[in-house]
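Q: I would like to learn how to read a protein model, step by step. Could we go from the overall fold to one helix?

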Amino acid sequence: MNITKILGLLGIAKKAGFVSAGAEKAHDTARQGRARLVIMSEGASTNTKKRIENFCHYYEVELITLPVTAEELGCAVGLCTIAVIALTDKGIAQSIVKNTGVGL
């Protein structure tokens with residue numbers, strides 16, 4: 001898993017407007033059917049993890065948990081601390097999945 005490359009792709013996605021940052025915004029994006037991939041930091045709280053896993057399962061959105069802190073994930077998209085990100089672009093989502101080694 002190439003974490004540096006994944007975090008770089010998240011920065012590009014943010015600049016292009018393809019990122020919904022935070023659990024609430026990610027949930028709203030999934031509910032609207034626009035989420036292509038949800039990324040969660042390993043450092044997310046237990047309640048957040050359960051909530052994200054449940055809505056990803058319900059809305060049939062791929063979920064990837066990265067071995068990074070919420071601070072590292074937030075820095076990738078220009079925010080202080082973010083535990084959850086939803087991507088709305090299929091191409092970037094596929095690139096990230098490819099770099100994790102998980103199938104989409």
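A: Let us begin with a term: helices, of at least four residues, and strands, of at least two, are DSSP runs numbered from the N terminus. Keep in mind as we go that this is a predicted model.

Q: How many helices and strands does the protein chain have, and what pattern do they follow?

A: The protein chain holds 5 helices and 4 strands, and reading along the sequence gives the pattern α-β-α-β-α-β-α-β-α. The radius of gyration is 12 Å, close to the 13 Å that the globule rule gives for 104 residues, so the protein chain is as compact as a globular protein of that length.

Q: What share of the residues counts as buried?

A: Buried means under 20% relative accessible area, and by that cut-off 45% of the 104 residues of the protein chain are buried. As for contacts between residues at least 6 apart in sequence, 76% of them join residues at least 24 apart.

Q: Which residues of helix α2 are buried, and why do they lie on the same side?

A: An α-helix has 3.6 residues a turn, so residues three or four places apart point the same way. In helix α2, which runs over residues 23-31, the buried residues are Ala23, Ala26, His27, Thr29 and Ala30. These residues cover an arc of only 160 degrees around the axis, which puts them on the same side of α2.

Q: What covers the buried residues of α2?

A: The cover includes β1 (19-21), α3 (46-59) and β4 (84-87). Just after α2, Gly33 takes a positive phi of about 80 degrees.

How values were computed:
Residues are numbered from 1 along each chain as its sequence is written. This is a predicted model: local features need pLDDT of at least 70, side-chain atom pairs count only at pLDDT 80 or more; totals for chains, interfaces and linings use all residues. Side-chain values use heavy atoms; hydrogens and water are left out. The radius of gyration is taken over C-alpha atoms; the globule rule is 2.2 Å times the number of residues to the power 0.38. Buried means under 20% relative accessible area, exposed over 50%, partly exposed in between (1.4 Å probe, protein chains only). Contact means heavy atoms within 4.5 Å. The arc is that of the directions from the helix axis to the C-beta atoms.
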